[in-house]
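Subject: Structure handover and findings

Dear colleague,

I am passing on the structure that we spoke about, together with some notes on what was found in it. Please have it open beside you while you read.

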Amino acid sequence: MRLETGTTPTKGEQLVSYPVTFEADYVERRSRLTAFFRLILAIPVAIVLYVYGIIACVVIVLAWFTIVFTGHYPRGMYDFVAGFLRFQTRVTAYAALLCDPYPPFGGAPEPSYPVRVQFAGPLEHYSRLKTLFRVILAI
């Protein structure tokens, strides 16, 4: 469920503004054959996801240092991490039988894929002090 800004919510819906949106299309009928072999079919994308995740962890650490020293999240790093989260969402949705199409390799936005995650983009300025102390909170 996603509401556009400027619309009025109906009963049971709330109008919220988040920097991340998740959308999933409902599928009436599923392929029984691919559902049976789904975990075997997901092995290649799981391997790619694992390598992508290792690289994303390194980029997140580098982005943390960049934010601490400059107060800005570089757009390229933000897009890389957002692409990883998109790809992770697609692989998880495929393995958990949420959608039937095989997930595309990569994190580029795919409006035609049944599971979509969209990001608003990095903020203009981040608090350097808050970012520094989040490591202590994480420990």
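Where is the place of F105? Bearing in mind that this is a predicted model, F105 sits in the loop between α4 and β2, the latter being residues 115-119. Once its neighbours within four places in sequence are set aside, F105 is in contact with P44, V45, V48 and F87. F105 and L49 are 56 residues apart along the chain, and their C-alpha atoms are separated by 8.8 Å.

Next, the pairing of α3 with α4. Helix α3 covers residues 43-70 and helix α4 covers residues 75-95, and their axes come within 9 Å of each other while crossing at roughly 150 degrees. Angles over 145 degrees count as roughly antiparallel, and α3 and α4 are therefore roughly antiparallel to each other. Their crossing is left-handed. On the α3 side the contact is made by V45, V48, L49, Y52, G53, I55, A56, V59, I60, L62, A63 and T66, and on the α4 side by M77, F80, V81, G83, F84, F87, Q88 and V91. Sorted by class, this contact of α3 with α4 has 16 nonpolar and four polar residues, with no charged residues. V45, V48 and F87, which take part in this contact, are also among the residues that F105 touches.

Helix α3 also meets α5, which spans residues 128-138. The axes of α3 and α5 come within 7 Å and cross at roughly 140 degrees, which makes α3 oblique to α5. This crossing, too, is left-handed. W64, I67, V68, F69 and T70 of α3 make the contact with R128, T131, L132 and V135 of α5. By class, there are six nonpolar, two polar and one charged residues in the contact of α3 with α5.

In terms of class, the lining of the second largest pocket has twelve nonpolar residues, one polar and one charged.

Note on methods. Residues numbered from 1 in each chain as written. Predicted model: local features only at pLDDT ≥ 70, side-chain atom pairs only at ≥ 80, totals over all residues. Heavy atoms only, no water. Axes fitted to C-alpha atoms, helices over the stretch in contact; angles between N-to-C directions. Helix = DSSP H or I, 4+ residues; strand = E, 2+ residues; numbered from the N terminus. Parallel < 35°, antiparallel > 145°, perpendicular 65-115°, else oblique. Left-handed = near helix turned anticlockwise from the far one by under 90°. Contact = heavy atoms within 4.5 Å. Nonpolar A, V, L, I, M, F, W, Y, C, P; charged D, E, K, R; others polar.
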